[in-house]
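Dear colleague,

Please find below the structure that I am handing over to you. My notes on it follow directly after.

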Amino acid sequence: MELGRLNHVGIAVPSVDGAIAFWRDIMGATCIHEAFDLREQGVRVCFVDTPNGQIELLEPLGDASPIASFLARNPRGGQHHLCFEVPDITEARDWFEMLGKRILGPTRVGAHGTPVFFVHPADMQGVLTEIMESPRG
Ligand code: CO
């Protein structure tokens with residue numbers, strides 16, 4: 001397992017539009033990307049750039065969204081996951097599987113267009129962890 005850079009912090013929000021206003025007007029973010037729907041993951045996503053990484057704002061798309069259940073427990077939203085890059089997603093998945101870590105679902109294409117998977121927080125010191133293959137080039 002080769003640990004790469006912290007790519008983003010995922011934050012669940014009731015409304016991406018409301019959260020964008022917060023990050024722009026209160027936090028001073030100047031580079032906020034266009035929001036988009038990631039239907040297969042049941043989320044609306046917006047990335048906010050910081051000097052050394054990104055914030056991923058996640059709004060549920062429908063009641064079946066994993067973010068909907070998170071918001072049911074945390075109505076104002078909150079920190080949802082951390083995402084770390086790795087050079088090779090298959091190698092990383094094999095590593096976590098070998099260690100008996102529970103991986104949530106198949107490896108799939110994430111919000112940055114590269115393969116990702118999630119590891120259960122109960123096996124990761126309480127932190128839902130997204131592992132993402134580094135974008136090439
Ligand atoms: Co993420």
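Helices (H or I, at least four residues) and strands (E, at least two) are DSSP runs, numbered from the N terminus. By that scheme, leucine 99 is found in the loop between H3 and strand S6 (103–109). Please note that this is a predicted model, in which local features need pLDDT of at least 70 and side-chain atom pairs count only at pLDDT 80 or more, while totals for chains, interfaces and linings use all residues. Residues are numbered from 1 along each chain as its sequence is written, and side-chain values use heavy atoms, with hydrogens and water left out.

Surface patches

Leucine 99 counts as partly exposed, at 44% relative accessibility; here buried means under 20% relative accessible area, exposed over 50%, and partly exposed in between (1.4 Å probe, protein chains only). Together with Met1, Leu3, Trp95 and Met98, Leu99 makes a nonpolar surface patch of about 520 Å². Patches are made of residues with over 30% relative accessible area and no salt bridge, like charges being joined within 9 Å and nonpolar side chains (Val, Leu, Ile, Met, Phe, Trp, Tyr) within 5 Å. The areas come from the Shrake-Rupley method with a 1.4 Å probe, and for residues only the protein chains shown count as cover.

A patch of negative charge on the surface gathers Glu2, Asp88, Glu91 and Asp94. Lys and Arg count as positive and Asp and Glu as negative, whereas His and the chain ends are not counted; the place of a charge is taken as NZ of Lys, CZ of Arg, CG of Asp or CD of Glu. Of these residues, aspartate 88 is found in the loop between strand S5 (78–86) and helix H3 (89–98). Its relative accessibility of 31% makes aspartate 88 partly exposed.

Salt bridges

Side chains of opposite charge can pair when their charged atoms come close. A salt bridge is a side-chain nitrogen of Lys or Arg within 4 Å of a carboxyl oxygen of Asp or Glu, and the structure holds seven of them.

- Arginine 24 is bridged to aspartate 25, with the closest N and O atoms 2.9 Å apart. Arginine 24 is partly exposed, at 44%, and aspartate 25 is exposed, at 52%.
- Arginine 44 forms a salt bridge with aspartate 37, with 2.7 Å between the closest N and O atoms. Both residues belong to a network of salt bridges that links Asp37, Arg39 and Arg44. Arginine 44 is partly exposed, with 26% relative accessibility, and aspartate 37 is partly exposed, with a relative accessible area of 33%.
- Arginine 102 and aspartate 123 meet through their side chains in a salt bridge (2.7 Å, N to O). Arginine 102 lies in the loop between H3 and S6 and aspartate 123 in the loop between strand S7 (115–119) and strand S8 (129–133), so this pair ties together parts that are 21 residues apart in sequence. Arginine 102 is partly exposed, at 46%, whereas aspartate 123 is buried, at 17%.

A buried charge

Backbone and distances

Most residues other than glycine have a negative phi, and most peptide bonds are trans. Glutamine 125 has a positive phi, near 60 degrees. Glutamine 125 is placed in the loop between S7 and S8 and is exposed, with a relative accessible area of 82%.

Histidine 33, in the loop between helix H1 (16–25) and strand S2 (36–38), is 14 residues from phenylalanine 47 in sequence and 5.4 Å from it in space, C-alpha to C-alpha. Histidine 33 is partly exposed, at 34%. Glutamate 97, in helix H3, is 22 residues from valine 119 in sequence and 9.7 Å from it in space, C-alpha to C-alpha.

With kind regards
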